[in-house]
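Okay, thanks everyone. Let me put today's structure up on the screen, and then I'll walk you through a couple of its parts.

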Amino acid sequence: MFDTLSDRLGTVFDKLRGRGALKEQDVRDAMREVRIALLEADVALPVVRRFIDDVTEKAVGQSVLKSVTPGQQVVKIVNDALVEMLGGDETMGLDLQAAPPVVIMMVGLQGSGKTTTTAKLAKLLKEKNGKKPMMASLDVNRPAAQEQLRVLGEQVGVATLPIIAGQAPADIATRALNAAKLQAVDVLLLDTAGRLHVDQQLMDEMKAVAAISSPKEVLLVVDSLTGQDAVNVAQSFGGQIDLTGVVLTRMDGDARGGAALSMRAVTGKPIKFAGTGEKMDAIEPFHPGRVASRILGMGDIVSIVEKAAATIQAEDAERMAQRMAKGQFDMNDLRMQLKQMQNMGGLGALAGMMPGMKKAKAAMAASGMNDKTLLHMDAIIGSMTPKERARPDLLNAKRKIRVAKGSGTQVQDVNKILKMHQEMERAMKQIRKMGGLKGLAAMFGKGGMDAAMPGLGAQGLGGGAGGAGLPGLPGMGNMPANLGDLLKRK
């Protein structure tokens, strides 16, 4: 979503970081480019002005211009200002501190993804928060809107209020409250009717429902693809009802990002969740710090770890650890790792969270790698017999032709995946020789990672020019050469 903005800011900051010393004019020129980049990203003009004034004031201070790394200092100031613009360091979750059933009311324009978001939130509350949610559709205007929520409820395993044709929204809200109390429901999600911009009749209906249900949370669902108009929508709704937060949908789209960057500053309401895809689990809490890091190309390692923890099965991880300890790694293990990458969102999603993501994505595009690559690799392994997967060395020329035909690929593709397997298997054996994972971890305390892998420090792991490597990271003793080669391989 922030690709264009990220590219522009990356170019500006690369120029700053490339200079040993900065003059005040250098900073002001850079801020002018940042201002243009934000305006092109469709950020509201008052927000841009406030942001640039705040950053410039701090960036032209003596402490920055006279520091050892002025370019990095400016980037840090911009990062802090972006975090503040997006809502500060604190991540605002749902307020569920009330006697059950806690009512969450979903409001927004038609087509913003409100009904789908309601189901996603219900699934999140059930699986992550251990709550018993229930959903009710109050949308009597859009054909089959109530039926849509019922179907989504079945998909995510959440109860929905039975449909009674001809009931008014206020009556449905009353019935939903009574049903939630009888069924000992923890959280009741009310999906109100979408409206075509500001329709006063529907706004009055929304206020009547709020008066009946006394919602603890009123979440405005906004489509981030609508750009700057999303902020106007938020202001319109905020003038009619007390909003408690915003949910931005289609954050995985190609919007310029202005809505996300302006929303908090203009409305004063926190962005609580971001929809990141069509699937029912494609919703995540909105973390201002992480989003700011992604915009500035610093990556989001915390989110990668969280995705891994959520998608990787504990039994699979345990099995893999045991096999690694024995130096074993066959095609079944490789296939399991490829599936885990797909479950975490594919190569594109992972590259987007890695530090220096623009370079990572560019390298993937240049090499022809994309999410289909994972599917092709899985198809190749799937075309092998169980015996071949356990013993890849059985694959002679004749078998490779059969596997290529079965997977709709070329023999060269089969050779590539076999080569990848060989290198990973070799790495596993080297780790075993070093005493397994415990032995590998112990070596990190013996000093000299750069001495063990001279070329890896700066260039391979994101340090600065000159090969300083990762500051503060203890070394790994004498690492075998071919494992270093594998890690350095582009």
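Quick definition before we start: when I say two strands pair, I mean DSSP finds at least two bridges between them. And keep in mind that this is a predicted model.

So, with that in hand, take strands β1, residues 102–108, and β5, residues 217–223: they pair in the parallel sense, over 5 bridges. If you want to find that on screen, look for Ile104, whose bridge partner in β5 is Glu217. Further along, Val107 has Leu220 of β5 as its bridge partner.

What does β5 have on its other pairing? That's strand β6, residues 245–249, again parallel and again joined to β5 by 5 bridges. Here Leu219 stands opposite Gly245 in β6.

Now let's zoom out to the whole sheet. It's an open sheet of 8 strands with mixed pairing, and the order goes β3-β2-β4-β1-β5-β6-β7-β8. At the edges you've got β3, 159–160, and β8, 283–285, each pairing on one side only.

Helix α9, residues 200–213, packs on it and touches β1 and β4, with a direction about 175 degrees from that of β1. Helix α10, residues 229–238, also packs on the sheet, touching β1 and β5, and its direction makes about 155 degrees with that of β5.

Is it buried or exposed? Well, 7 of its 7 residues are buried, so β5 is largely enclosed by the rest of the structure. In a regular strand, side chains alternate between the two faces of the sheet. In β5, Glu217, Leu219, Val221 and Asp223 point one way, while Val218, Leu220 and Val222 point the other, and all are buried.

Last stop: helix α7, residues 145–156. Which of the α7 residues are buried? Those are Ala145, Gln146, Leu149, Leu152, Gly153 and Val156. They sit on the same side of α7, because they cover an arc of only 120 degrees around the axis. That buried set packs against α6, β2, β3, α8 and β4. On the face turned away from the buried side, you'll see the exposed residues Glu154 and Gln155.

Okay, that's my tour.

Terms used: Residues are numbered from 1 along each chain as its sequence is written. This is a predicted model: local features need pLDDT of at least 70, side-chain atom pairs count only at pLDDT 80 or more; totals for chains, interfaces and linings use all residues. Side-chain values use heavy atoms; hydrogens and water are left out. Helices (H or I, at least four residues) and strands (E, at least two) are DSSP runs, numbered from the N terminus. Contact means heavy atoms within 4.5 Å. Axes are lines fitted to C-alpha atoms, for helices over the stretch in contact, and angles run from 0 to 180 degrees between N-to-C directions. Buried means under 20% relative accessible area, exposed over 50%, partly exposed in between (1.4 Å probe, protein chains only). The arc is that of the directions from the helix axis to the C-beta atoms.
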